[in-house]
Amino acid sequence: MADLVLENVQKAFGDNPVIRGIDLTISQGDMVCLIGASGSGKSTLLRCMNLLEPIDDGRILLDGDDISEPGKDPQPVRQRIGMVFQSYNLFPHMTALDNAILAPRRITGKSKSVLRPEIEEMFARFGLADRMLHYPDQLSGGQQQRVAIIRALAMRPEIMLFDEITSALDPELVGEVLDVLRDLRAQGMTMVLATHEMGFARELADKVCFLDQGRILEDGTPEQIFESPQEERTKAFLSRVL
Amino acid sequence: MPQQTRRQIFEARQRKRANTIAAISTIAVFAAIILLIPLTPGWENVKRSFFNGAVFAKTFPGLLEAFVMDVAIFLWCAPLIAALGLAVAIARDLRNPAFYPLRLFAIAYTDIFRGLPVILVIYLIGFGIPGLGLPRPWNSPYIWGSLALVLVYSAYVAEVIRSGIESIHDSQRNAALSLGLSGGDAMRFVILPQAVRRVVPANMNLFIALQKDVALLSFIGPVEIFRQAGVYKSLMANFTPYVGAALIFLALTIPATRYADYLMNKQSKARS
């Protein structure tokens, strides 16, 4: 069970406020899509949820525990909240399989041979069984991004964060990565996506949040946001991207 | 035969022209060297004292034997340098405040030993520490001379490794941390393996320099090739043994340098 609640989260880089008071509740099994222009704070918000960026003010609660308390060890939290990046960030000196096994091996202390069957199963499930022993530079962008998702899933996280994971892909490779997300959605994974794939957000999201200048300007069901947006800026954004 | 394109014809002509010019100028320079140097007034003396075939033949086997000592000193210094250099590089990147003294020490260490001439460190350590009156074998110049080389070269290796660590993009560290790995694990399994691989060519150049600097130990006692050449020089009143020593060094260092360049080229191609 994992609920993630953000209360008045604020984050600035130097004098430049990037997140300006965001409240957001992500319940178990939800799929929340963050949309908005680049620079609106989507990526930073995801990085704050994973504690890669410490927040300046406000609170982030995971099942009621304040995980954003300054000085708290972020490591156990990150093991429960997986993250996938736009530029894959696979470890180039390891095979796909080793990329996925490293974290579980170090954190559970189990040996590679014990962990391997479970990880192999994930590779098979996402159609990468024959790519497991390849190095990242021998894989296509879509394959690399699927390996990155497997790597995050290998920690058995309760929540997954996806930071524009299809933005760096060639258009014909986007579909295979979105299929993985559909699969996860069907299994009830709790997910937060920063995305430019409006069609995908519309099809699968429980909630869509439109971010503008570090605030959630408008949120609601996909129908509300895409069919009848209330705010002028939401309308302007949607008319540009749709 | 397929018809050549206009561009191919043009490029072939250009290539031919460039090769001709290169050949002519090379021949001219070598001819000048071969013809002009023997005309200098001291050439006969230089030839006798530096390029004496009889002396060369007589001393070369002995020099080669002495060179084994250079290689041996290199072989026991190299792993120590690699280990100490790595340790210092990591110490400079420690973020935990409890390790601050270690970090400070690492910074001072690299600053001091990169700032001193190698020969000075060899003198200070090689003469200074045995001066403490230590019992055998602890007064051996081999030990303290090697220590001097290890200290100096580890400082350089540490800097090279650190530049490698800094060249690994932060996204790699973030990816490792986002999986729940500790900072130490991120360094050990993700950043260091990539960083060390990236600086292999630069470190190879340092180790080639080390192989040459082993000869400096001759100043504090060990009879290695440079010292041996000096002994032959005195015995035979002839400088040819030095030329022999130079050839032996080159036989090892030129292939090693070429190999380092090859690795460096391969790497810059792979990254572009």
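The legends below describe close-up views of a predicted model. In this predicted model local features need pLDDT of at least 70, side-chain atom pairs count only at pLDDT 80 or more, and totals for chains, interfaces and linings use all residues. Residues are numbered from 1 along each chain as its sequence is written, chains are lettered from A in the order in which they are written, and side-chain values use heavy atoms, with hydrogens and water left out.

**View 1. Surroundings of Thr166(A).** Thr166(A) sits in the loop that joins strand E7 (159–163) to helix H6 (171–186) of chain A; helices (H or I, at least four residues) and strands (E, at least two) are DSSP runs, numbered from the N terminus. With a relative accessible area of 8%, Thr166(A) is buried (under 20% relative accessible area, 1.4 Å probe, protein chains only). Apart from neighbours within four places in sequence, Thr166(A) is in contact with Val174(A), Val177(A), Leu178(A) and Glu197(A) (heavy atoms within 4.5 Å).

**View 2. Packing of helix H3 of chain A with helix H8 of chain B.** Axes are lines fitted to C-alpha atoms over the stretch in contact, and angles run from 0 to 180 degrees between N-to-C directions. From H3(A), Leu102(A), Arg105(A) and Arg106(A) meet Asp185(B), Arg188(B), Phe189(B) and Val190(B) of H8(B).

**View 3. Two domains of chain B.** Domain 1 covers 6–39 and domain 2 covers 53–271, with bounds from an automatic or database domain assignment. Their centres, taken over C-alpha atoms, are separated by 40 Å.

Note on methods:
Buried < 20%, exposed > 50% of the residue type's maximum accessible area, 1.4 Å probe, protein only.
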